[in-house]
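Here are some notes to read alongside the model.

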Amino acid sequence: MTVDDRFTQGFRETREDEPLGTRNEVITGPVSDWATDFSHLEPEWVEDPYPIQDDLRRRCPIAHTERFGGGWLPTRYEDVAAIAYDTERFSSRSIIMSNFRPPRELAPVGGTPPISSDPPFHHDARKLLLPAFTKTAVSRREEPTRAFCHQLIDAFEGRDVVDAARDYAQHIPVRVIADMLGFPQEDGPRFREFIESSLEGVNLPPEERIERMDELFDYLLAQIRDHLDHPRDDLTTYLIEAELYGRKLDPSHVAGTMALLLIAGIDTTWSAIGASLWHLAKTPADRERLVAEPGLLPTAMEEFLRVYAPVTMARLVKEDMHWNGVDMKADDWVLLSFPAANRDPDQFEQAGEVVLDRKVNRHVAFGLGIHRCVGSHLARMELRVALEVWLERMPVFELADPAGVTWAAGQVRGPRSLPLRLGRS
C-alpha cells in the first residue's frame, strides 16, 4: 500500500465495513437525584458543577446514572486516580460519554489514537507524537503566539466591552494548532463548529451526530489530500509519512490523531484561558496582585488549572465487577472528573479556593496515568503567554455582565461567552 493509495477512499465508505456499536436511548430533562441520575449536560451542571461534585463527594462518592446507557461518576481524588491508572479493567476506546458505545473490536487503537488507545498499542502511538510537543519544540512557538495575542488586543482599540472568550481566548489555540497541522487559518470558525459538535452534541439524535462527525473527517481527508499534493513541514505531513511496526499508519489512525489534535488541542486550552480571565475579572484582589507581581503568574496559573480544570475524560468498564463498593457492568461508562479530583479536600487544603501562591500543587488538570496530556507543555505555554499579554495590555478589567457569561456543556468546561469591561490604568 502506497501513501497515495491509503487516502483514495472516503472515510464514510470505509465506515460501512466496520462492526456496529451500541446505541442507547437519548434521555434528557431535570435530574431527580445527582447520586442516581447524574448528567453532565443538564443546565445546573453546566452553570456550576462544583457544589454538585462537593455534595456527591460527601454523601455518594461514586454516583450512578441510567442515562447514556449507564455510567458512574467518581468524585474523590483517590478513586479518579485509581481508575486512570487501571488499564486492565477500564478501556479508553471511547473517551466521550455519549449514547453510542463503539464496538469492542475498536480496541486497542480506538477512533482518535493515542487518547482512545489501550496498551500495548497506546505506548507506540503516543511515542509518535512526543517530538512535536517537547519543551524545545514548544518554545519555538512562543514568540509567534505572543505576537498573535498582541494582534488580538490591538483589535480592541476603541471598545469598552469585549468578549474575552470569543474575541481572545478562542483564537489563540486555533492559530497554534492550525499552524502545527498546516491548516488554513481562515478555517478557524469551522474548527469551533467541529469542537462543539464533538464535545457538546452528545445528546443529538444519532444520525445528526454521525453526519456532523462525517463533516469533520471529510474536512480532514481534504487536508490530507492537499498535503499529499503539496507536502510541507508540519504535523499533518509527519503523520502521513510516519511508520509504526514497519508500515505507514492506517488512514483512520492518521485522521483520528489529527481529529484529536484539532478538538482536544483547541477547546481545552481556550477553556483554561477563558476561565482564568473570568476568575481575575470577578476577583479584583487577585487581578491586582498579579499585575503588581508578574513573576507570580506561573504559580498562579497552576492554581487556575487546578481550580478550573477544564477536562473530564471517560472510560468503559471491560467486564462485570465489584469496584470500591459498587457493581459495575461491562461497557458501563465511567466519567473521570479531574475537576472533582482537584477540589478534593482530602488532597488539597482550601480545596475550593484559589490560592495564587499555593506552594504544593499536584493537580491533575492534565490527567493521570498513561493518558496524561501529551500537549501539556504547549497548553501551559499558550495559557501563560495569553495571560501575560492580557495583564500587560489590559491590567484593569471586570465582568461587564455576570449573567452574560455562558459555559460549555459536556466534558470540557470553559466560558463560551465572557463579556468584560475594560478599564484604563
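1. A word on handedness before we look at helix pairs: a crossing is left-handed if the near helix is turned anticlockwise from the far one by less than a right angle, and right-handed if clockwise. Helix 14 passes helix 18 in a right-handed crossing. Helices here are DSSP runs of H or I with at least four residues, strands are E runs of at least two, and both are numbered from the N terminus.

2. Some housekeeping. This is a predicted model, where local features need pLDDT of at least 70 and side-chain atom pairs count only at pLDDT 80 or more, while totals for chains, interfaces and linings use all residues. Residues are numbered from 1 along each chain as its sequence is written, and side-chain values use heavy atoms, with hydrogens and water left out.

3. Back to that pair: the axes of helix 14 and helix 18 cross at roughly 35° and come within 9 Å (axes are lines fitted to C-alpha atoms, for helices over the stretch in contact, with angles from 0 to 180 degrees between N-to-C directions). On the helix 14 side, the residues that meet helix 18 include Ala 272, Ile 273 and Leu 277; among their partners in helix 18 are Leu 383, Leu 387 and Trp 390. Contact means heavy atoms within 4.5 Å.

4. Helix 18 (residues 376–393) also packs with helix 10 (residues 171–181), at an angle of about 140° and with the axes 10 Å apart. The two are therefore oblique to each other (under 35 degrees is roughly parallel, over 145 roughly antiparallel, 65 to 115 roughly perpendicular, and the rest oblique). Helix 10 contributes Ile 172, Pro 173, Val 176, Ile 177 and Met 180, and helix 18 contributes Leu 378, Glu 382 and Ala 386.

5. Which residues have the most contacts inside the largest nonpolar core? They are Tyr 168, Leu 262 and Trp 390, in a core of 140 residues. Helix 14 (residues 251–282) gives the most to this core, with 17 residues. Such a core is a set of buried Ala, Val, Leu, Ile, Met, Phe, Trp, Tyr and Cys residues joined through side-chain atoms within 4.5 Å. Trp 390 touches Tyr 168 and Leu 277, among others.

6. Now find His 40, in the loop between strand 1 (22–23) and helix 3. With 3% relative accessibility, His 40 counts as buried (under 20% relative accessible area; exposed is over 50%, partly exposed in between, using a 1.4 Å probe and protein chains only). Its contacts include Trp 45, Phe 68, Met 97 and Leu 335.

How values were computed: Lists of a residue's contacts leave out its neighbours within four places in sequence.
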